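Here are some quick notes on the model you sent over. Have it open while you read.

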Amino acid sequence: MIRLFTFIWQLRKSNFTKALITIHYLFIISFISNCKKNENIDIELINKIRLNSYDDEGEFDIYLEKFYRDMNFYGVYPQKPKKTIIKFSKLDELKGTTHIHGLSLGYNNDELIEIYINPSTWKKFNKPLKYWLMYHELSHDVLNLEDLEQSTINDGKLMFPNLESYEKKTMEEFIESYLNLIELNFKKQ
Amino acid sequence: MKKFPLLISLFFCIYISAQNISENDLKKLAFSINKKIIGKDMGNGVVSLGCTSIGRTLLYKYKVPTNWVDLPEGKARLINDLKVRGVAKSYISYNINVSYYYYKNNKLIKTININPSDLSNYNYELGKHLSIKKHPKSKGVNLKIRPPKDWEIKEGNRPNIVKKFLKDDNTYLIVIKNLPTFFSRKHMKEALKDKATLGEFAKEIIGKEHKSELLSHSYVNVDNYPAIFIKQKTSMERLGFKITQYMSSWSVFYEDKLITLMASSSSEADFNNLLNLYFLITNSLVFPEQYD
């Protein structure tokens with residue numbers, strides 16, 4: 001939204017029609033490829049996401065295992081939940097979530113990890129992007145962290161809410177980003 | 001056209017009886033050879049100007065006639081001659097270089113330098129890239145490497161050994177172990193540039209299980225990933241037999257894995273002879289994912 005207002009302000013002196021078209025375009029762009037926690041999704045949609053989900057056949061186990069490993073190494077010991085659900089769900093086939101790579105529903109609930117990943121996204125993503133996505137969602141669900149504000153100062157950080165499909169991330173960037181998250185949010189015990 | 005002279009180093013075989021030869025020993029040897037060959041007609045108008053030594057190199061000098069013409073395959077013929085006469089093995093065993101200087105009208109017109117590796121019967125060529133992607137023991141690491149030609153490629157026996165390349169008593173292993181977390185290249189580079197930290201890591205890597213002597217260690221890069229290069233000598237007991245292994249290894253910090261490329265030989269001569277080959281193998285390693 002901040003980007004949107006900045007752009008509108010810059011365009012106010014130019015042609016009105018051009019401005020309208022640009023605003024419309026920006027509005028669409030800002031909703032592309034978000035990683036979300038559940039605050040803006042209604043219960044009906046959540047139920048559809050759950051119904052539309054299917055097993056990952058162990059695909060996500062390694063990410064969960066490594067997440068706890070890495071947190072513990074740096075002295076962060078989050079509670080392990082009684083129930084863990086990490087599945088695929090065809091988010092791009094549901095109205096309201098077509099733009100979403102991954103969704104966390106266990107935010108602020110330490111008894112539960114519930115994460116759904118868009119399989120179309122997963123197929124396209126390379127290794128660093130997969131790690132990025134999983135650690136982002138797990139940081140919502142396990143560490144109860146919010147998304148960062150969508151501003152340029154937070155661009156490139158793990159909890160930045162947008163992750164474009166065409167983005168190139170490296171393992172180096174992923175490692176640095178979650179180390180940065182730990183440094184900012186936790187101290188080594 | 002005069003033929004390229006074939007040279008005899010018989011004196012070398014007679015003199016050497018000790019297991020190791022120092023630079024001082026080489027000086028004495030050169031002196032002894034020099035006394036016997038200086039001024040001698042070697043055939044085809046070639047006259048010996050004597051023999052000296054520089055470091056670990058025996059240097060033979062010759063005066064050649066004005067109509068002397070150098071043949072293009074001169075080095076190969078010399079190498080063959082040394083092998084046929086049985087002296088090549090001594091040069092390899094004692095890690096001695098040999099150089100030949102040719103003078104025409106007091107001007108140096110040709111030099112031929114021969115290293116122990118030139119005299120080796122080992123093939124220094126590498127084969128095609130071998131990938132370990134999706135190998136059950138790769139722990140998710142995707143890398144490819146070129147094994148040496150004519151070496152046997154086998155599966156590793158132990159849980160962390162992915163592949164091994166074998167030739168006689170020489171081996172090259174690819175070992176992959178887990179690190180406790182992800183380490184960024186930036187942080188590892190910073191850590192390993194500190195000499196004290198590097199030394200600590202090197203000691204950890206060689207371990208305490210066997211009697212290992214750390215001969216040298218340094219920080220290097222292997223396909224853009226920080227690594228520690230170690231040379232060590234290890235004595236161990238196997239089924240009641242005492243074995244000494246000469247090893248060079250590259251321990252690469254790759255994400256959350258420690259990849260060790262370990263080359264070893266049971267004889268010091270073979271180890272020195274093959275060190276360049278081990279370097280070539282390691283240098284051929286590629287981590288393809290970083291280029292995606």
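How much area do chain B and chain A bury between them, and what share of it is on carbon and sulfur atoms? Bear in mind that this is a predicted model, where local features need pLDDT of at least 70 and side-chain atom pairs count only at pLDDT 80 or more, while totals for chains, interfaces and linings use all residues. Residues are numbered from 1 along each chain as its sequence is written, and side-chain values use heavy atoms, without hydrogens and water.

1. The answer is about 1300 Å², with 51% on carbon and sulfur atoms (buried area being the accessible area, 1.4 Å probe, that two parts lose on being put together, summed over both). On the chain B side, Thr181(B), Phe182(B) and Glu255(B) lose the most area to chain A, together 42% of what that side buries.

2. Chain B puts 15 residues into the contact and chain A 16 (contact: heavy atoms within 4.5 Å).

3. Five salt bridges turn up across the interface (a side-chain nitrogen of Lys or Arg within 4 Å of a carboxyl oxygen of Asp or Glu). Lys127(A) and Glu289(B) pair up in a salt bridge at 2.8 Å, N to O.

4. Ser284(B) counts as buried because its relative accessibility is 9%, and the cut-off is under 20% (1.4 Å probe, protein chains only). Beyond neighbours within four places in sequence, its contacts are Leu126(B), His129(B), Lys144(B), Ile145(B) and Arg146(B).

Note on methods: Chains are lettered from A and ligands numbered from 1 in the order in which they are written. Buried means under 20% relative accessible area, exposed over 50%, partly exposed in between (1.4 Å probe, protein chains only).
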